[in-house]
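Hi,

Here is the structure I promised to pass on.

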Amino acid sequence: MFSRLARPSTCLLKRAFSTSKQSNANVAVLGASGGIGQPLSLLMKLSPLVSRLTLYDIAHTPGVAADLSHISTRAQVSGYMGPEQLNDCLKGAEVVIIPAGVPRKPGMTRDDLFNTNASIVRDLVSACADVCPNAMICVITNPVNSTVPIASEVMKKKGVYDPRRIFGVTTLDSVRSKTFIAEAKDLNVNNVNMPIIGGHSGVTIVPLISQCTPTVSFPQEVREKLSVRIQNAGTEVVEAKAGAGSATLSMAHAAAEFAESLLDALKGAEGKIECAYVHSEETEAKYFATPVLLGKNGVERNLGIGKLNEYEKKLVDAAMPELLANIKKGEEFVAKS
């Protein structure tokens with residue numbers, strides 16, 4: 001399913017100098033001055049698929065935009081700062097990527113971020129609904145399990161909701177999984193593909209090692225340790241940075257990889273598959289990460305969870321209570337706003 005169709009990951013820097021057909025895509029990054037936003041904006045500036053790049057944040061955006069504008073690639077860059085300039089940033093946007101919000105610090109869970117980041121996502125998506133209601137909304141801001149439902153409920157309130165166009169960017173879970181498995185089995189990481197389903201935090205992250213391509217096998221004890229490492233990889237980075245931030249560089253890379261697949265699909269490329277946290281009917285959870293086939297309207301087809309082994313079924317069962325609670329929390333936040 002996912003493994004057979006997905007393309008291998010390649011270096012975005014190399015793509016910037018490729019001879020592939022260029023498109024004229026307008027991309028907006030909201031939260032462009034932050035730890036994820038700056039490297040993500042750099043990667044978008046390097047992409048040959050982007051012709052116009054607009055950057056928004058509450059501080060420092062003109063400087064970030066000026067810096068990026070000196071890079072000799074085709075994307076025209078402009079910066080917008082403060083709520084009064086947000087609408088101008090969003091005019092004409094086809095893809096909106098949202099890394100805005102406060103980062104996780106040692107001892108914090110993604111859920112601890114909720115009170116601050118929930119209102120940020122609500123307000124940014126509300127502006128998207130007003131200015132670019134047909135844009136693809138790619139949510140990075142944690143807790144993604146809750147912020148994607150928030151984005152969806154805001155769009156519903158505005159009367160412009162299209163579930164095919166709202167994504168929780170969970171690509172980093174897949175990127176990490178491919179890396180860890182390649183290291184464990186001494187494989188070329190560019191040839192490894194493995195779907196991650198469920199949510200985007202802790203126990204809600206469900207690695208499907210049984211669906212990995214190429215096929216890999218581990219003793220059960222090793223499989224469990226590897227699954228737990230994938231689930232807790234974000235905490236691994238937070239603790240290693242010792243208060244200096246969370247996973248910013250790897251997240252920027254993963255988000256750029258997802259955005260490039262989406263931009264390709266919007267321009268008619270076929271076979272673009274990425275795992276993403278989207279509105280779903282695959283399980284009892286209204287939102288659930290699975291491999292999805294991308295197309296001109298966003299999610300072309302949900303490819304589902306595929307065949308799970310017994311251990312993976314237990315992981316899904318363990319994920320459900322927290323995932324359902326996260327979704328409910330996001331929906332209730334918008335209902336009370």
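Let me start with two phenylalanines: F114 is buried, and so is F333. Keep in mind throughout that this is a predicted model.

Those two rings face each other in an interesting way. Their centres are 5.6 Å apart and the planes of F114 and F333 stand at 85 degrees, so this pair counts as edge-to-face. F114 belongs to helix α6 (residues 114–131) and F333 to helix α12 (residues 310–336), so the contact ties together parts that are 219 residues apart in sequence.

The search turned up 3 aromatic pairs in the structure.

The charged end of R229 sits over the ring of F180, 3.7 Å from the ring centre. Likewise, K185 has its charged end over the ring of F218, with 4.5 Å to the centre.

Now for the salt bridges. How many salt bridges does a search of the whole structure find? It comes to 14. Here are some you can look up on the model:

- E94 with K267: the closest N and O atoms are 3.2 Å apart. This one links distant parts of the chain, with E94 in the loop between α5 (86–90) and β4 (95–98), and K267 in the loop between α11 (249–266) and β9, 173 residues apart. E94 is partly exposed, at 26% relative accessibility, and K267 is partly exposed too, at 41%.
- D123 with R122: their side chains meet at 2.9 Å, N to O. D123 has 43% relative accessibility and counts as partly exposed; R122, at 24%, is also partly exposed.
- K272 with D264: the closest N and O atoms are 3.4 Å apart. Is K272 buried or exposed? K272 has a relative accessible area of 14%, and the cut-off for buried is under 20%, so K272 is buried.

Last, a helix to look at end-on. In α4 (residues 61–69), the buried residues are T61, V64, A65 and L68. Viewed down the axis of α4, these buried residues fall within an arc of 95 degrees, so they line one face of the helix. The spacing makes sense if you recall the geometry: an α-helix has 3.6 residues a turn, so residues three or four places apart point the same way. And what covers that face? Among the elements over the buried residues of α4 are helix α3 (37–46) and the strands β2 (50–57) and β3 (76–81).

If you open the model, I'd begin with the F114 and F333 pair, then turn to the buried residues of α4.

Cheers

Methods: Residues are numbered from 1 along each chain as its sequence is written. This is a predicted model: local features need pLDDT of at least 70, side-chain atom pairs count only at pLDDT 80 or more; totals for chains, interfaces and linings use all residues. Side-chain values use heavy atoms; hydrogens and water are left out. Buried means under 20% relative accessible area, exposed over 50%, partly exposed in between (1.4 Å probe, protein chains only). Helices (H or I, at least four residues) and strands (E, at least two) are DSSP runs, numbered from the N terminus. The arc is that of the directions from the helix axis to the C-beta atoms. Contact means heavy atoms within 4.5 Å. Rings of Phe, Tyr and Trp (its six-membered ring) pair if their centres lie within 6.5 Å; planes under 30 degrees apart count as stacked, over 60 as edge-to-face and the rest as tilted. A charge sits over a ring if NZ of Lys or CZ of Arg is within 6 Å of the ring centre and within 35 degrees of the ring normal. A salt bridge is a side-chain nitrogen of Lys or Arg within 4 Å of a carboxyl oxygen of Asp or Glu.
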